[in-house]
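Here is a short report on one protein chain.

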Amino acid sequence: MKKCIYVISIILFFLIIYTTMPYIVNFFADKENLPTENHKMLIVGHRGGAGMAPENSLQCIEKGIQTGADMIEIDIHLTKDGELVVCHDQTIDRTTTGTGKIAEMTLNEIRKFHIVDKNGKETDEKIPTLDEVLKLINGRCRLLIEIKRTNNLYQGIEQKLLESIKAHHASQWIIVQSFNDSVLETLHALDPTVRLEKLVIFKLQWIPVIFDGTFTYFSFKKYHYISSFNFHYRAITPALLKKIHAQGKEVKIWTLEEPNNWKACPVDGIITDRPDLWTTFFQKQ
């Protein structure tokens, strides 16, 4: 009973944080408007371009590339038998015809099931391996890989990823992001040449603390090895954007869908489920 109450409390906490985030940001934000001048930025296909095809599938990734996206974003997990697979969740329940935790399944067990589309309809595709994605992209655009790891889950995933990058000669077009500081620090220690980006939900204006799933101390010195800070799109303020740019760092925002009512601001990238709409939108500017 106590465990159930604890779990419910945690879920409610994160729901409150998510739903009140716009108000929190508004309260602490610099009140000046975001700049409205045109600004060249990268378009990133979120989970390949999840609004166009089943997320993180080879079909979706190919469609994302075909839209002219500058970058494709995917998520990786480590199977029970040490294979890197591309899936957003820690389980295959939502995105396939099967059920189970990726960490507790072998690749062969996972590949018995098919990916489903957003309506739950079975497709011909199966969860791809990272190797399959790397072969498909082959440098045609950049690839932004999010590592999903919490606590002791997926120990050694950083080294596995570096081995895959090396095997595919992909170091020039691979970028890695994570909410998890331990993942980023481990990757930097193993290979300081890998471009790393920090996922952030929001930062309070006057306090050196960010929320990235937990409340974490923030300083540019701490994150000196980070190339871009990738914020929830509602959480970026003009003052924070200027401070980050002044440090020579980039800012991307996630996950912005259609460009309707878009107020241009000088972020460096938009992570979106619909890269097709955004590439068309900017071509018309």
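## Basis

Helices (H or I, at least four residues) and strands (E, at least two) are DSSP runs, numbered from the N terminus. This is a predicted model: local features need pLDDT of at least 70, side-chain atom pairs count only at pLDDT 80 or more, and totals for chains, interfaces and linings use all residues. Residues are numbered from 1 along each chain as its sequence is written, and side-chain values use heavy atoms, with hydrogens and water left out.

## The chain

The chain holds 8 helices and 12 strands. Of its 285 residues, 51% count as buried (under 20% relative accessible area, with a 1.4 Å probe and protein chains only).

## Helix H2

Helix H2 spans residues 58-66. Its buried residues are Cys60, Ile61, Gly64 and Ile65. Seen down the axis of H2, they fall within an arc of 140 degrees, so they line one face of the helix. That arc is taken from the directions from the helix axis to the C-beta atoms.

The buried residues of H2 pack against strand S2 (71-78), helix H4 (130-137) and helix H8 (275-283). Contact here means heavy atoms within 4.5 Å. Just after H2, Gly68 has a positive phi of about 95 degrees.

## Helices H5 and H6

Helix H5 (residues 157-167) packs with helix H6 (residues 181-190) at an angle of about 50 degrees. Their axes, lines fitted to C-alpha atoms over the stretch in contact, lie 9 Å apart. Angles run from 0 to 180 degrees between N-to-C directions.

On the H5 side, Glu158, Gln159 and Leu162 take part. They meet Val183, Thr186, Leu187 and Leu190 in H6.

Conventions
Buried < 20%, exposed > 50% of the residue type's maximum accessible area, 1.4 Å probe, protein only.
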